[in-house]
Amino acid sequence: MSSFFKKWFQESVFDSSSDEELEEMLIFQAEQQRLERMRASASRTPRLYIDRGFIEGHNRLFNDYFAENPVYPHDRFRRRFRMGHDLFLRIQSALEAHEPYFQQKMDAAGKLGLSSLQKITAALRMLAYGVFADLLDEYVQIGESTAVLSMKKFVKTVISVFGNEYLRSPNSDDVARLLAIGESRGFPGTLGSIDCMHWKWKNCPTAWKGQFTGHIHEPTLILEAIASYDLWIWHAFFGLPGSHNDINVSDRSFVFSDLTQGRFPPVHYYVNDHHYSMGYYLADGIYPSWATFVKTIPMPQTNKARHFKRMQESCRKDVERAFGVLQARFAIVRGPARYFKRSTLHDIMLACIILHNMIVEDERHLHVQPDITDMYDQAEDGPPTPVLEHLRTREFQDFVNRYIRIQDREIHTQLQADLVEHLWNINSNA
């Protein structure tokens with residue numbers, strides 16, 4: 001401290017104070033400032049480390065569900081995990097091999113971290129029950145941020161590992177089976193039913209709420225899907241704002257991309273002695289009158305039309321049943337979405353659809369399947385078996401011709417009239 005400052009401080013404050021008194025005063029002021037800083041730091045909530053006991057949590061989870069003699073039987077496992085025990089272990093093995101995040105690691109202190117069972121269980125519980133991540137801490141022994149990260153890693157890895165197999169377009173064998181099932185139900189040539197589902201977006205940004213709000217009067221995201229009789233979802237297009245309707249979604253989706261590019265195997269079948277070479281989907285009244293859609297009759301006037309309306313609406317419920325089962329299995333897509341990024345919601349929806357298809361395949365033997373072995377009459381006047389074509393052309397003119405055929409209204413009208421007669425003949429001969 002300069003001599004000038006000391007002299008000024010002594011004259012203005014202490015007048016005749018000595019240098020020793022001045023030093024004591026400065027030390028006192030510094031001590032007061034230190035105490036104030038300590039009180040301010042003590043008022044803040046310190047970050048607490050919670051020793052959750054990862055090993056104990058893993059052992060409890062393993063003994064409850066995965067031990068040789070588990071505490072809870074497999075039917076409880078099926079109800080709480082939404083899938084069978086063997087299917088869960090298959091998914092766990094694939095995820096561990098593909099994503100290092102799900103492998104149990106040891107930190108620098110030599111302490112084991114969370115196991116893959118704990119991380120996958122936390123992710124599945126969040127998808128199945130739609131609960132907050134903090135709720136899983138007491139049983140799985142996993143922190144909130146770690147649970148959220150595990151769920152995001154889980155859905156991305158499921159899409160990466162199983163997406164090509166369980167979220168694909170039908171191949172030739174699948175198309176033949178779908179056509180046979182459609183024939184047995186009275187709709188030869190059908191490949192499933194199409195519809196859209198809305199998912200409420202609770203945390204939609206305020207600036208986006210206008211474009212994402214439609215007839216539901218809340219921000220939503222739209223899922224377009226095609227489902228077959230066994231609730232398998234063959235097509236999923238998700239992410240458009242809720243202000244769109246089914247027609248706008250269909251115009252932007254890739255539902256007919258394989259057909260227009262020649263990658264989808266065309267079929268040949270007969271309805272009421274008329275030949276058709278393109279499959280169709282059962283749809284509700286909002287869809288356009290294209291050759292690839294068969295809609296109901298709004299106000300039927302004859303018994304034939306009323307019978308067709310009843311049968312068409314009955315089979316068209318397949319996609320609505322698939323939506324219901326998907327939301328029942330994974331409550332996260334039934335309740336309002338709480339995440340902010342559309343990419344996260346997209347991954348969650350696709351992962352839930354993939355898991356839904358895996359469960360359908362795993363449990364198909366538990367349900368009675370339609371018998372299609374003897375569905376075709378071998379007599380001369382019986383309907384021929386659908387024939388699949390395997391020719392692939394990529395010429396631009398062929399692309400344009402296919403696109404025009406898809407939107408052919410005359411074929412739509414003729415096909416609907418033939419199906420009315422076909423179903424009425426089946427009903428008359430029954």
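Analyst: Helices (H or I, at least four residues) and strands (E, at least two) are DSSP runs, numbered from the N terminus. By this reading, Asp 86 has its place in helix 5, which covers residues 85–98. The model is predicted, so local features need pLDDT of at least 70 and side-chain atom pairs count only at pLDDT 80 or more, while totals for chains, interfaces and linings use all residues. Residues are numbered from 1 along each chain as its sequence is written, and side-chain values use heavy atoms, with hydrogens and water left out.

User: Is Asp 86 buried or exposed?

Analyst: Buried means under 20% relative accessible area, exposed over 50%, and partly exposed in between (1.4 Å probe, protein chains only). Asp 86 counts as exposed because its relative accessibility is 62%.

User: Where is Arg 82 found, and what is its phi?

Analyst: Arg 82 is found in the loop between helix 4 (74–81) and helix 5, and its phi is near 65 degrees, a positive value in a residue other than glycine. Arg 82 has a relative accessible area of 14%, so it is buried. Leu 231, which is not a glycine either, has a positive phi of about 75 degrees; this residue is found in the loop between strand 2 (220–227) and strand 3 (233–241), and it is buried because its relative accessible area is 12%.

User: How many aromatic pairs does the structure hold?

Analyst: Rings of Phe, Tyr and Trp (its six-membered ring) pair if their centres lie within 6.5 Å; planes under 30 degrees apart count as stacked, over 60 as edge-to-face and the rest as tilted. The structure holds 26 aromatic pairs. One of them joins Phe 66 and Phe 81 edge-to-face, at 6.3 Å centre to centre and with 75 degrees between the planes. Phe 66 lies in helix 3 (residues 54–66) and Phe 81 in helix 4, so the pair ties together parts that are 15 residues apart in sequence. Phe 66 and Phe 81 are both buried. The pair of Trp 290 and Phe 293 is stacked, because the ring centres are 5.9 Å apart and the planes lie at 20 degrees; both of these residues are buried. An aromatic cluster is formed by Tyr 65, Phe 66, Tyr 72, Phe 77, Phe 81 and Phe 88.

User: How many salt bridges does a search of the whole structure find?

Analyst: Side chains of opposite charge can pair when their charged atoms come close. A salt bridge is a side-chain nitrogen of Lys or Arg within 4 Å of a carboxyl oxygen of Asp or Glu, and a search of the whole structure finds 14 of them. In one, the side chains of Asp 318 and Arg 185 meet at 2.8 Å, N to O. Asp 318 lies in helix 13 (residues 303–329) and Arg 185 in the loop between helix 9 (172–184) and strand 1 (190–200), so this pair ties together parts that are 133 residues apart in sequence. Asp 318 counts as buried at 5% relative accessibility, whereas Arg 185, at 29%, counts as partly exposed.
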